[in-house]
Amino acid sequence: MLTATCPAEAYRRIDFAARVTGSHPRDLTLLCYERLDAVLGSALLAEQRRNMAGRSKALTEAMTVLTTLQMGLDRSNSLAAAFDNLFVG
């Protein structure tokens, strides 16, 4: 059963599920970067509005996206160490 969710969040989840289904790994990586961009923008907006709960939620999701990107690294690739360092900081 579906839980109560705002319509915008419901549409975002449906869009995400549709884009993930049957996607190529490159498409999934692009999707992660798009989501990272969106949640960092949300965090900045929340900061400007002094909405600490919104900022915290957005930054938590950003960390989840970064963790996902890090876990998906191809460690045999010569650039993996550089990206790993970028994701961990």
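**View 1. Phe 87 sits in helix α4**. Helices here are DSSP runs of H or I with at least four residues, strands are runs of E with at least two, and both are numbered from the N terminus. This is a predicted model, in which local features need pLDDT of at least 70 and side-chain atom pairs count only at pLDDT 80 or more, while totals for chains, interfaces and linings use all residues. Residues are numbered from 1 along each chain as its sequence is written, and side-chain values use heavy atoms, with hydrogens and water left out. Is Phe 87 buried or exposed? Phe 87 counts as buried because its relative accessibility is 8%. Buried means under 20% relative accessible area, exposed means over 50%, and partly exposed lies in between (1.4 Å probe, protein chains only). Beyond neighbours within four places in sequence, Phe 87 is in contact with Tyr 33, Leu 66, Leu 69, Gln 70 and Leu 73. A contact means heavy atoms within 4.5 Å. Gln 70 is 17 residues from Phe 87 in sequence, yet their C-alpha atoms are 6.3 Å apart.

View 2. From the N terminus, the order is α-α-α-α. The C-alpha atoms fill a box of roughly 40 × 35 × 20 Å along the principal axes. The chain has 89 residues, and 16% of them count as buried. Its accessible surface comes to about 7,000 Å², with 62% belonging to carbon and sulfur atoms. Areas come from the Shrake-Rupley method with a 1.4 Å probe, and for residues only the protein chains shown count as cover. Take the contacts with a separation of 6 or more: 31% of them join residues 24 or more positions apart.

**View 3. Nine residues form the largest nonpolar core**. Such a core is a set of buried Ala, Val, Leu, Ile, Met, Phe, Trp, Tyr and Cys residues joined through side-chain atoms within 4.5 Å. The members are Cys 32, Leu 36, Val 39, Ala 62, Val 65, Leu 66, Leu 69, Leu 73 and Phe 87. Helices α2 and α3 each give two or more residues to this core. Which helix gives the most? It is α3, with four residues. Setting aside neighbours within four places in sequence, Val 39 is in contact with Ala 58, Glu 61 and Ala 62.

**View 4. Leu 69 lies in helix α3**. Leu 69 is buried, because its relative accessibility is 8%. Residues up to four places away in sequence aside, Leu 69 touches Thr 29, Cys 32, Tyr 33 and Phe 87. Leu 28 is 41 residues from Leu 69 in sequence, and 9.5 Å away from C-alpha to C-alpha.

**View 5. The largest pocket holds about 550 Å³ of space**. Of its 23 lining residues, the closest to the centre are Leu 28, Thr 29, Cys 32, Thr 68 and Leu 69. Helices α1 (7-20), α2 (25-48), α3 (52-71) and α4 (80-88) each give two or more residues to the lining. The largest share, seven residues, comes from α2. By class, the lining has 14 nonpolar, five polar and four charged residues. Ala, Val, Leu, Ile, Met, Phe, Trp, Tyr, Cys and Pro count as nonpolar, Asp, Glu, Lys and Arg as charged, and the others, Gly among them, as polar. On a 1 Å grid over the protein atoms alone, a pocket is an open set of points where a 1.4 Å probe fits, with protein on both sides within 12 Å along at least five of seven lines; lining residues have an atom within 4 Å of a point. Points are joined across faces, edges and corners, and a volume is the space filled by probe spheres set on them.

**View 6. The second largest pocket has a volume of about 330 Å³**. Among its 18 lining residues, Arg 35, Ser 42, Gly 54, Lys 57 and Ala 58 are the closest to its centre. Helices α1, α2 and α3 each supply at least two lining residues. Here too α2 has the largest share, with seven. The lining divides into eight nonpolar, three polar and seven charged residues.

**View 7. Arg 50 has a positive phi of about 60°, although it is not a glycine**. Arg 50 belongs to the loop between α2 and α3. Arg 50 counts as exposed, because its relative accessibility is 62%.
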